[in-house]
Amino acid sequence: MRLTVRDCLELDAFRPCIIAAGKRNLDSNIRSVSVMDTSDIKTTLKENGVREQMVLTSFSGMKNNYKMQVRAVRELSACGISALVVLRYGRGLDELDAQTIEAAEAVGLPFIVIPKENEVKYADIIDQVMNGILIGEEPKNYLINNTVSHLMDFDRYKTFPAALKEAAVNNEFQAVLISKDFNPVLVVETRHKVTVLDAVRNLQKRYSNDDRGIYGILDVEGIAAYWGSIVIGGEDYFLLLVDNEEKYSAVDITKLAEIIELAIGMWKYNPVRDVKAEFIKALMRGNKNLAYTLQEEMTPKDFNILSIFYGKGTNTQGARDVIENFEAKTQAEVLIINEGEESYGLIIEEKSNQDEDRKLNCLMLYDELKETSKNIRLFHCTGVGNVSSASDCFSLINETWTFVENVFPYKRVFTKYELALVSSCINLQLQGGHIKRNYAELLEPFNREIGGNKAKQLLSTLETFVLDAGMNSSKTSNIMGIHTNTVQYRLKRINEILGVDITGNRVIPALTIALALKRLERAID
């Protein structure tokens, strides 16, 4: 519905009013309403400088500061607001500074003053203007009108959640505000047929990036739930609305969502931070002190960290289904944040609910995740314990994940053992010196005694046998595409050249590092 400043002047809330300036622009469109009570220009523009917005104020934050009032008028006009409405609360037009009115006239900004005999309140103006924007000349919509009357009643309610709760109770709907990492940050429940977790999981299954800005419908155990994406303070969120009695249309719910989003802005409501996501990010950044502080804010807060992980290609519905089944079967919880195709997460367990098979369960989860796609790569440290260890493990992953795939090209799930090995090789590579030379010289007999293509062939077989096949000759033959007898012959020849049994307990550790260093050097070169 197109609503202009001139249309607003016909509303009851503006009778009487004084058009003090900007009469030539009364046909400007109005798309939203805000309240200005700030005392500095930067905040004023951030909260109220929205194109085609009607700004309501009493200049309470700029009382007697007429220079700032003039500047606010000029800069808000430059932002494209449609009108400035001043409620004097008993003070007349004569108490407004002439320079403020002159500034509005100079920029052509409609400057409307509500005189002392009009005792209208902010909520009354917002209610009538928003009805005009959303409903226009259509019959009165009880859901919208009643919701607006609650959400815009700044005198009755102290906070936005309190106003939203009362609106939801009176109009039989439920609302859930969800972070971009699918963690609920504001929940208003008025009926308990389904859980918030059920709704969030259904949303995860339904959502794709193509759905941004569209209010879709979810079926949550037979209950209709509507959802859409909104932006609050520059951050992306999801708003999920449930029609308890299924008596509203999709158009009604869409208008309801618009009203809630506008109210969030007018209340200047900032959602409670997503503590779980911030906890993971603190661990990833190595900020242990912050992580310990955030742990105290989490529910539950008394938990063990069983495993931490980083995944590529794991942000899929198949992976989410595997995680959901894992949580249902075990007493553990998976905390996860997604950044595009990459995922970072923890597996935690309340200390009072420790499972004897918890490590095994984690390893089985990673194996099942691996099977959901050939493109998945998982890097994990299992058997972590506390915040400090978890942070160190994330540091280990961050240091090594770009190299570990080069050292172990046939693996798709990497444990802390592979990561620690590659970390040691990276340090040796950076430090150089005699220690690195000691490892390199373990492989020198191949070049010194046989050289050429034969040496490369035997070295390739040794690398595959030790690093890829777990010292299994049959698996080595499958990877290399050669007969098992050929592998056995080459391994015998390798033993002769090196003068040791390569499977010996005191031989394999140094040999593994030497071979891993060689692969790492090739990757860097």
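**Figure 1. Strands S3 and S4 in the five-stranded sheet S1-S5-S4-S3-S2 of the predicted model.** Val 55 has Leu 84 in S4 as its bridge partner. Strand S3 (residues 53-57) and strand S4 (residues 83-87) run parallel and are joined by four bridges. Strands are said to pair if DSSP finds at least two bridges between them. Helices (H or I, at least four residues) and strands (E, at least two) are DSSP runs, numbered from the N terminus. This is a predicted model, in which local features need pLDDT of at least 70 and side-chain atom pairs count only at pLDDT 80 or more, while totals for chains, interfaces and linings use all residues. Residues are numbered from 1 along each chain as its sequence is written, and side-chain values use heavy atoms, with hydrogens and water left out.

The sheet is open and its pairing is mixed. Strand S1 (18-21) and strand S2 (32-36) are its edge strands, each pairing on one side only. From one strand to the next, the twist averages 25°. Angles run from 0 to 180 degrees between N-to-C directions, and axes are lines fitted to C-alpha atoms, for helices over the stretch in contact. Helix H2 packs on this sheet and touches S2 and S3, with its direction at about 160° to that of S2. Contact means heavy atoms within 4.5 Å.

**Figure 2. The packing of helices H2 and H3.** Two packed helices are described by the angle between their axes and the distance between the axes. For helix H2 (residues 41-48) and helix H3 (residues 66-79), the angle is about 35° and the axes are 10 Å apart. The crossing of H2 and H3 is right-handed; the term applies if the near helix is turned clockwise from the far one by less than a right angle, and left-handed if anticlockwise. On the H2 side, the contact is made by Ile 41, Thr 44, Leu 45 and Asn 48, and on the H3 side by Met 68, Arg 71, Ala 72, Glu 75, Leu 76 and Cys 79. Six of these residues are nonpolar, two are polar and two are charged. In this division Ala, Val, Leu, Ile, Met, Phe, Trp, Tyr, Cys and Pro count as nonpolar, Asp, Glu, Lys and Arg as charged, and the others, Gly among them, as polar.

**Figure 3. The mixed sheet S12-S13-S11-S14-S15 and the helices H10 and H13.** Five strands form this open sheet. Strand S12 (332-339) and strand S15 (413-414) are the edge strands, each pairing on one side only. Strand S14 (residues 377-385) pairs with S15 in the parallel sense over two bridges, and Leu 378 stands opposite Val 413 in S15. Helix H13 (residues 358-370) packs on the sheet and touches S11, S12, S13, S14 and S15; its direction makes about 170° with that of S14. Helix H10 (residues 275-285) lies across strand S11 (303-312), S12 and strand S13 (342-350), and runs at about 75° to S12.

**Figure 4. Glu 341 in the loop between S12 and S13.** Glu 341 counts as exposed because its relative accessibility is 54%. The limits are under 20% relative accessible area for buried and over 50% for exposed, with partly exposed in between (1.4 Å probe, protein chains only). When residues up to four places away in sequence are not counted, Glu 341 touches Gly 311, Lys 312, Gly 313, Thr 314 and Asn 315. Between Glu 341 and Arg 412, 71 residues apart in sequence, the C-alpha to C-alpha distance is 16 Å.

**Figure 5. Met 266 in helix H9 (residues 250-266).** Met 266 is buried, with a relative accessible area of 6%. Apart from neighbours within four places in sequence, Met 266 is in contact with Val 33, Ser 34, Val 35, Ile 126, Met 152 and Phe 154. The C-alpha atoms of Met 266 and Leu 151 are separated by 9.4 Å, although these residues are 115 residues apart along the chain.

**Figure 6. Strand S10 and its pairing with strand S6.** Seven of the nine residues of strand S10 (residues 235-243) are buried, so S10 is largely enclosed by the rest of the structure. Strand S6 (residues 173-179) pairs with S10 in the antiparallel sense over seven bridges. Leu 241 in S10 is the bridge partner of Ala 175.
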